[in-house]
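I opened the model today to see how the chain is put together. My notes follow in the order in which I looked things up.

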Amino acid sequence: MADNYLEKRYEEVFGSNRTKIKRVGHTVDELIMRNRSYRGYLKDYVVKEEELMRIVSVCSKIPSARNQQVLRFRLVTQTSGADKVLAHIKLGAALPELNLPFPGTEPEAFIIVMSTVEESKWVDVDLGIAIQSMLLKAVEMGLNGLVIGAFNKNKVTEELNLPYEPLMILAIGKGTEKIEITNIAPEDNHAYYRKDGVHIVPKIAAKDLIV
């Protein structure tokens, strides 16, 4: 095939002055690969409430089991109670010896996810969709995040006067860590670890996910 054949054929069919279609933004695969769990954040980047609102706004567009739309969100920034959240969460359960986050890298912006009804498998379906969608939006915006399930529900509810029980918390900020994925077999250890300052996340290879 001659050089630039497709480009020449495009011009023959559509004309040389027609604007060519170009890919805009990031592919889903690119966003997913950048969507890693950060446990350390830059202090000199202060996340604004408007940024958290942009992240949460995707939840008005995503699918919902039975279209129930029962999830609600509390936005928490450095000036609106981040210290109250930070006091009652735990990060890096698989690396207790590191006492994460390191001093000076604590997250200072959070999205607290709640439900207006009792948690069920349908609520959890929405929870998973919402969390992934919000984190992908954060990555698109140049931010990073972390899903936090280890927190004191009673204390967080009380400290922030939440109207509903919190199900999960997202930390949002500019990540400081270097994170890499390594492929493993299904029977290998799934626990993440750190090597030479790099956070390593084992993931089962795609070929082994098919049964």
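**Entry 1: the whole chain**

I call a residue buried under 20% relative accessible area, exposed over 50%, and partly exposed in between, with a 1.4 Å probe and protein chains only. By that rule, buried residues make up 37% of the 211 residues in the chain.

I noted what I was looking at: this is a predicted model, where local features need pLDDT of at least 70, side-chain atom pairs count only at pLDDT 80 or more, and totals for chains, interfaces and linings use all residues. Residues are numbered from 1 along each chain as its sequence is written, and side-chain values use heavy atoms, with hydrogens and water left out.

Next I looked up the surface (accessible areas come from the Shrake-Rupley method with a 1.4 Å probe; for residues, only the protein chains shown count as cover). The chain exposes about 13,100 Å², and carbon and sulfur atoms supply 52% of that area.

I counted contacts as heavy atoms within 4.5 Å. Of the contacts between residues at least 6 apart in sequence, 73% join residues at least 24 apart.

**Entry 2: helices and strands**

I took helices (H or I, at least four residues) and strands (E, at least two) as DSSP runs, numbered from the N terminus. I found six helices and seven strands in the chain. Along the sequence their pattern reads α-α-α-β-α-β-α-β-α-β-β-β-β.

**Entry 3: the sheet**

Two strands pair if DSSP finds at least two bridges between them. In what order do the four strands of the open sheet stand? I read the order as β1-β2-β4-β3, with antiparallel pairing. β1 (71–76) and β3 (144–148) are at the edges with a single partner strand each, so one side of each has no neighbour in the sheet. From one strand to the next the twist averages 20°; axes here are lines fitted to C-alpha atoms, for helices over the stretch in contact, and angles run from 0 to 180 degrees between N-to-C directions.

β3 pairs with β4 (residues 166–173) in the antiparallel sense over five bridges. Isoleucine 148 has isoleucine 169 of β4 as its bridge partner, and leucine 146 has alanine 171 of β4. Four of the five residues of β3 are buried, so I wrote the strand down as mostly covered.

Helix α5 (residues 121–140) touches β1, β2 (110–115), β3 and β4, and its direction makes about 5° with that of β4. Helix α6 (residues 153–160) touches β1, β2 and β4, and its direction makes about 70° with that of β4.

I checked the length of α5. Its 20 residues reach 29 Å from first C-alpha to last, close to the 28 Å expected at 1.5 Å a residue; the expected span is 1.5 Å times one less than the number of residues. Buried residues of α5 include Val123, Leu127, Ala130, Ile131 and Met134. The buried residues of α5 pack against α2 (28–34), α3 (49–56), β1, β2, β3 and β4. Just after α5, glycine 142 takes a positive phi of about 90°.

Just after α6, asparagine 161 has a positive phi of about 55°.

**Entry 4: loops**

Is serine 64 buried or exposed? Serine 64 counts as buried because its relative accessibility is 17%. I found serine 64 in the loop between α3 and β1, in contact with Gln69 and Asp126 once neighbours within four places in sequence are left aside.

Arginine 66 is in the loop between α3 and β1 and counts as exposed at 66% relative accessibility. Arginine 66 has a positive phi of about 60° although it is not a glycine.

Last, I noted that the peptide bond from leucine 100 to proline 101 is cis, with omega near 0°.
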